[in-house]
Amino acid sequence: MASSGLDGLPILRPVSSGGRPGAFPPIDDYAFLSDCETNCLIASSGSVEWMCVPRPDSPSVFGSILDRSAGHFRIGPYGKTVPAARRYLPGGMIVETTWQTETGWLIVRDALVLGRWHNNMERSKTHRRTPMDWDAEHMLLRTVKCVSGTVEFEMSCEPAFDYYRKPVHWEYTGRVYEQATATCKGDPDLGPTLTLTTDLRIGLEGREARARTRMRDGDRVFVALTWSELPPPTTYDEAAQKMDTTIDCWRQWITLGDFPDHPWRNYLQRSALTLKGLTYAPTGALLAAPTTSLPETLGGERNWDYRYTWVRDSSFALWGLYTLGLDREANDFFAFLDDATTGANGDALPLQVLYGIGGERRITEEILHNLTGYDDSRPVRIGNDAYDQDQHDIWGTMLDTVYLHVKSRQQVPESLWPMLERTVQAAIKHWREPDRGIWEVRGEPQQFTASKVMCWVALDRGARLAQLNGKRGQAAEWFKIADEIRDNVLEHGVDANGVFTQVYGGDSLDASLLLIVLTRFLPPDDPRVIRTVLAIADNLTVNGLVLRYDTSTTDDGLHGEEGTFTICSFWLVSCLVEIGELERATHLCERLLGLASPLRLYAEEIDPRTGRHLGNFPQAFTHLALINAVTHVIRAEDSREAGQFQPAHGNGR
């Protein structure tokens with residue numbers, strides 16, 4: 001599975017299902033599509049295997065990624081499951097798959113359609129943020145061209161509503177065979193309405209809508225799945241126009257970014273597009289990932305629902321977008337937070353760890369016993385009980401992002417100040433207390449060093465924001481408390497060897513300690529910083545990739561091991577650059593980029609022995625860390641000739 005490289009470390013190659021019938025594709029086999037309201041995952045076989053409508057946290061309508069019987073939507077050549085090639089069209093979220101059979105060639109394009117803003121006769125019932133020029137059309141569009149020879153082509157659309165808990169009823173709704181609609185059997189109001197429109201002839205076989213045809217050189221067909229009253233295309237030319245409009249919308253957005261002229265540019269663009277695709281445009285929320293219960297350990301219990309907005313993940317994601325000059329999403333996210341922390345009567349509500357993408361504060365967790373789980377990994381969970389945990393880092397991550405957002409403007413928006421002040425006061429009130437840490441451990445609360453560091457960030461950035469807001473007295477008071485927190489961390493969070501520890505008085509390492517460098521808690525040339533970064537690089541890694549922590553010494557309330565956390569490996573790249581280890585950083589960055597999925601996406605974790613991606617996919621946390629790490633390396637390389645190094649993310653006083 002792995003051979004030895006020049007440095008003695010294994011060369012990891014992600015495993016493949018090899019197209020085995022009935023097998024679960026590798027997690028990194030999937031393509032991710034989004035219209036910033038809905039998203040889906042499509043396997044290389046041409047099958048949509050995860051999709052929830054109308055929102056990303058709604059019950060699934062296609063769920064075969066979690067159970068091979070839980071719904072799919074496939075188009076492609078009959079009897080073929082492994083394409084000749086697959087790619088994203090440059091600059092956007094359209095996937096192009098090329099198929100070769102013994103008799104011909106097909107090209108399939110898939111997109112969640114974007115078009116001009118359409119709520120012109122009445123206001124949108126879901127949008128709370130400022131309307132943009134373009135908007136989701138609530139349509140999954142698939143176009144097919146035969147470019148050579150003849151190909152036996154098939155379509156199979158088999159939804160399974162409510163995570164495969166509600167039966168589906170199909171009926172024809174077109175003039176002949178060109179359209180059919182699926183609803184919940186027995187009570188259409190219990191689930192969504194899916195309408196399938198095509199220039200093929202649809203046949204209805206139980207819960208499956210099917211079509212088959214022989215395509216010849218030059219033939220073109222389309223299939224559109226819609227879930228709103230917006231009209232679908234009725235001809236291939238109309239469908240092709242919608243594809244063109246969609247790619248134009250994405251390219252207009254990505255053109256706003258500042259991307260270096262470098263061989264790694266495409267990784268940065270794909271990560272930026274992925275982060276944008278994980279936003280929920282109606283409210284400004286940003287998903288941690290579009291999936292639930294993809295396992296951190298195959299066959300294990302570390303399976304979580306990530307289809308929500310973590311304040312931490314969202315704030316860090318905005319770090320990545322800021323680095324590339326894409327800061328407009330921050331306005332919507334802070335407006336979302338303001339909504340979420342303001343009660344119905346205008347009263348202030350405390351900031352919590354995570355929210356539903358509509359601002360919901362209660363995200364009750366339950367287990368779906370009817371699903372087998374990905375590759376027999378149970379339980380399958382929906383909801384997430386971490387919403388009411390105490391995690392003290394969230395105040396710092398949020399305030400750090402706000403500071404990034406406003407420092408170039410030299411003015412704190414008046415609407416934001418009350419929320420910022422409440423956040424600082426929460427950090428002041430609770431920073432001495434134990435919590436469950438950045439990794440949301442389900443063991444007993446502890447005095448996590450990284451949580452204390454992020455409380456320092458909350459006071460430090462809060463003080464800077466107070467200065468920008470003309471509140472000098474408040475700024476001086478908060479700087480004083482920030483110094484008190486830092487002194488406390490340096491007294492209790494460093495061991496006898498001058499290395500920062502996971503918890504006060506402990507002796508274990510934790511990858512979250514890399515934030516000490518990235519948040520400027522101490523300068524990168526401080527001996528304690530250098531020792532900590534090198535200790536993590538040498539002692540908290542497997543085959544050169546970084547673990548979150550040692551599961552044998554950390555009470556996280558769970559059984560079993562986990563893979564290496566890819567965000568931590570990218571953090572290490574940035575930190576190695578900061579402490580002057582550019583060659584080592586560059587080498588690790590190259591290895592990590594080589595472990596990307598074929599479409600340059602990342603799950604939460606990577607198995608350090610096989611290169612297999614693990615956990616929910618694609619993961620916002622990982623892609624933001626990639627942006628930061630790659631930018632660190634590029635800027636450090638450029639600084640050899642162009643003066644002083646400027647980190648990708650820096651907030652020195």
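Colleague: How do the side chains of E329 and K276 meet?
Modeller: They form a salt bridge, with 2.8 Å from N to O. Please keep in mind that this is a predicted model.

Colleague: And which parts of the chain does that pair tie together?
Modeller: E329 belongs to helix α5 (residues 328-340) and K276 to helix α3 (residues 265-277), so the pair ties together parts that are 53 residues apart in sequence.

Colleague: Are E329 and K276 buried or exposed?
Modeller: Both E329 and K276 are buried.

Colleague: How many salt bridges does a search of the whole structure find?
Modeller: The search finds 32 salt bridges. One of them joins the side chains of R584 and D538, at 2.8 Å from N to O. This pair links distant parts of the chain, since R584 is in helix α13 (residues 582-594) and D538 is in helix α11 (residues 527-539), 46 residues apart.

Colleague: How accessible are R584 and D538?
Modeller: R584 has a relative accessible area of 33%, so R584 is partly exposed. D538 has a relative accessibility of 48% and therefore also counts as partly exposed, as the limit for "exposed" is over 50%.

Colleague: What about R528 and D526, how do their side chains meet?
Modeller: The side chains of R528 and D526 meet in a salt bridge as well, with 2.9 Å from N to O. The two partners fall into separate classes of accessibility: R528 is partly exposed at 26%, whereas D526 is buried at 11%.

Colleague: Which residues are linked in a network of salt bridges?
Modeller: That network links D162, R165, K166 and E366.

Colleague: Where is D135 found, and what is it in contact with?
Modeller: D135 is found in strand β11 (residues 134-158). If neighbours within four places in sequence are left aside, its contacts are E37, V113, L114, G115, R116, W117, H118, N119 and H127.

Colleague: Changing topic: in what order do the strands of the open sheet come?
Modeller: The open sheet has 3 strands in the order β26-β27-β28, and the pairing is antiparallel. Its edge strands are β26 (564-565) and β28 (613-614), each of which pairs on one side only.

Colleague: Over how many bridges do β26 and β27 pair?
Modeller: β26 pairs with β27 (residues 605-606) over 2 bridges, in the antiparallel sense. Within this pairing, T564 stands opposite I606 of β27.

Colleague: What joins F617 and P618?
Modeller: F617 and P618 are joined by a cis peptide bond, with omega about -15°. P618 sits in the loop between β28 and α14 (620-642). Another cis peptide bond joins R378 and P379, where omega is about 5°.

Colleague: Where does P379 lie?
Modeller: P379 lies in the loop between β22 (366-367) and β23 (381-382).

Colleague: What is phi for D375 and for D376?
Modeller: D375 has a phi near 50°, and D376 has one of about 65°.

Colleague: Last one: which residues make the nonpolar surface patch?
Modeller: Y172, V176 and Y177 make a nonpolar surface patch of about 270 Å². Of these, V176 is placed in the loop between β12 (168-172) and β13 (179-184). V176 is partly exposed, with a relative accessible area of 40%.

Notes: Residues numbered from 1 in each chain as written. Predicted model: local features only at pLDDT ≥ 70, side-chain atom pairs only at ≥ 80, totals over all residues. Heavy atoms only, no water. Pairing = 2+ DSSP bridges. Helix = DSSP H or I, 4+ residues; strand = E, 2+ residues; numbered from the N terminus. Salt bridge = Lys/Arg side-chain N within 4 Å of Asp/Glu carboxyl O. Buried < 20%, exposed > 50% of the residue type's maximum accessible area, 1.4 Å probe, protein only. Patch = residues over 30% accessible without salt bridge, like charges linked within 9 Å, V, L, I, M, F, W, Y side chains within 5 Å. Areas by Shrake-Rupley, 256 points an atom, 1.4 Å probe, with all protein chains shown as cover. Contact = heavy atoms within 4.5 Å.
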